[in-house]
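Q: Could you take a close look at how the two chains meet, and walk me through that part in one go?

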Amino acid sequence: MIPGGQDRFFSRLPEFARLYAIPYELSQQGVQKHGRDGVIHRWALERITNKTGQKFHKVIGILIGEHTNLAAIRAGQPIDVSDGFSRLDGLFSETRCGAIDSSVIFQMLGDGISGERIEEVLSQESGFKALAGGECTLNHILQRRDSKAKFAKEVFCYQILKYIGAFTASLGGVDLILFVGEGSLQIRRLAFDLTGHLRFMGVKKKAAVPSGEIAWLTTRGSTIKVCFINCLGQPAPSPRSGR
Amino acid sequence: MRILVFNGGSSSLSYKIFDWHNALQVDLILKGKAYRVGVKGTRDSYVENCFQGRAERKVVPIPDHSAAAILAATYIKQNKIHVDAIGHRFVHGGEYFKRAAVIDRDNFKRLERCLPLAPLHNPISFNVIKEARKLFPRVPQYAVMDSAFHSTLPPKAYAYPLPERIIRRYKYRRYGFHGISCSYICRRVPEFLKINPRTINMIICHLGTGGASVTAVRGGCSVDTSMGASPNTGLIMSTRSGDIDPMVIFHLMRTRGYGSEEVEDLLNKKSGLLGLSGFSSDITDIIDGMKDKRFQKKARLAFDTYVHRLKNYIGSYVAVLGGRIDALVFTDDIGVHNPLIREKVCSSLHWAGIVLDRRRNRRAPMNQPALIQSSCSEVAIVTMPTDEELMICLEGGRLWEGRT
């Protein structure tokens, strides 16, 4: 997997998408959305552009894997991002809670549980682990057939679907949805299933899950394109591309 | 049957008396509201009453909601208006209340147990209930829950991925609020559009001066909503932050030495539009501020961030409803009174078949429903004032209908 993390790509997010609605002084001191994995989102978009020779104006990038995140990109510039101030925000993952209602934190603090302990619960004991228990990496969840794992997958897909809708609104429409992930069949199928939920937007899904390093999940006639890029074993993008 | 309805806001108390004949025939008898309740400031608190065509306004100190209830009761008794039942809006009924309930001794205790669930809202209603029991000892009372409408949410929409022991201990799930307003909209919009209320799909934006939320409705039932376990999730509100990275709380405690209460206070009372703009929690001030050189930059930022968040939620519910939407509805004060917000929000929703007509939008009346979509829009766009008190009255009528 390409090394991800914090980089400067998302520092170009417009202020209205980057700020939390907290006192402005705090935002200026860095309490705002920083986003993550900008290098990978950029790398994937460049690959598609080079491969097809086509410029896609409005793009939703979905990095799917041990930590899933989404980005809305217009004309190469970031417009929105699901990751926030930290990795706790946005989509939940193997053990992280994702965006939740914070009231529970104050209730727990009120019961005398320490901040450190609560932070540990939210980052190490939540997410798939809390919903499904047992072996709970995304790949495990997608392979398991028990009802808890199925429910965890359902919640996960539902949240991705909501982000796709939200980011389509941020962009005012979408031309390309770009999944990036390690190409296990389960993850590919997950992307394929999600594509099926977007028919109302003009997305026409293929009949069967395609394979290949760059796999188009939509038919030629589809007005919105959906693509899956396998990023396993790819060379790391140059550090410069985060700029 | 005469029903008195109390609806407490954070700094106001509305009350209305209805003559309820049946679900289709309800007449408004009296309407009143106490303003600036418990607000410390330079401007006076006052009460307005409107009864038998007479409207009057009285400046009077109103230190808290109990005092406001006493003022209301005094006026009602002075005018010798008989009351058969009293209904109350109660924000967070938790797990105990999935529908309206008569407040007998057991339910009174259950309501008391709900207080910590919405520490800013529930105590207000609870104090009014306590006071009303003293003022009208023989009159039966009932409570209608703002969270009840959302009891139809599917598990995938209400589940939070936290350990089960915490979910159980804190009864932690998405409850959702503004349910009374949403049920009013779910009743009136189908009538207005002549669509079957059991099949209608809608996105309802309840944009109030205090709180605000968006709800996705499928087949007349709530399937997702932006507020969560508490009323401080989702949209940006006047002083509430709405969605925030939970890590921000730990960060503030660690780096600034804030205690739990300080952070909670910051996110509930100093954030939202007030935090972003730095000068007002009122969207009208902020829209005016966009034309004023001194405030321009911050006002613009607060407005854009507010609109962006709202747009995101509408977009996500378009996806939830699979693009099958009959109406996008704007209600409550900000929703009905601010054409600019509606225009900006709708400007990036063409892909969902939502196209606004700018002229109709600007001309929409504030006191009655209006259609503001363009002729090429696939989705009806409706502005409609809400009426929570009427809805509370109707719930009361339903509670007693089978009994007498």
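A: Between chain B and chain A there are 20 residue pairs in polar contact, both at pLDDT 80 or more; such a contact is a pair of N or O atoms within 3.5 Å, where within protein one must be able to donate a hydrogen and the other to accept it, and residues adjacent in sequence count only if both atoms are side-chain atoms. On the chain B side, helix 11 (296–320) is one of the elements that supply at least two residues each, and others include helix 7 (247–256) and strand 11 (221–225); helices (H or I, at least four residues) and strands (E, at least two) are DSSP runs, numbered from the N terminus. Helix 11 of chain B gives the largest share, 14 residues.

This is a predicted model, in which local features need pLDDT of at least 70 and side-chain atom pairs count only at pLDDT 80 or more, while totals for chains, interfaces and linings use all residues. Side-chain values use heavy atoms, without hydrogens and water, residues are numbered from 1 along each chain as its sequence is written, and chains are lettered from A and ligands numbered from 1 in the order in which they are written.

Five salt bridges also link chain B and chain A, each a side-chain nitrogen of Lys or Arg within 4 Å of a carboxyl oxygen of Asp or Glu. A:Asp111 pairs with B:Arg169 in a salt bridge, with 2.3 Å between the closest N and O atoms. In total, 66 residues from chain B and 60 residues from chain A take part in the contact, meaning heavy atoms within 4.5 Å.
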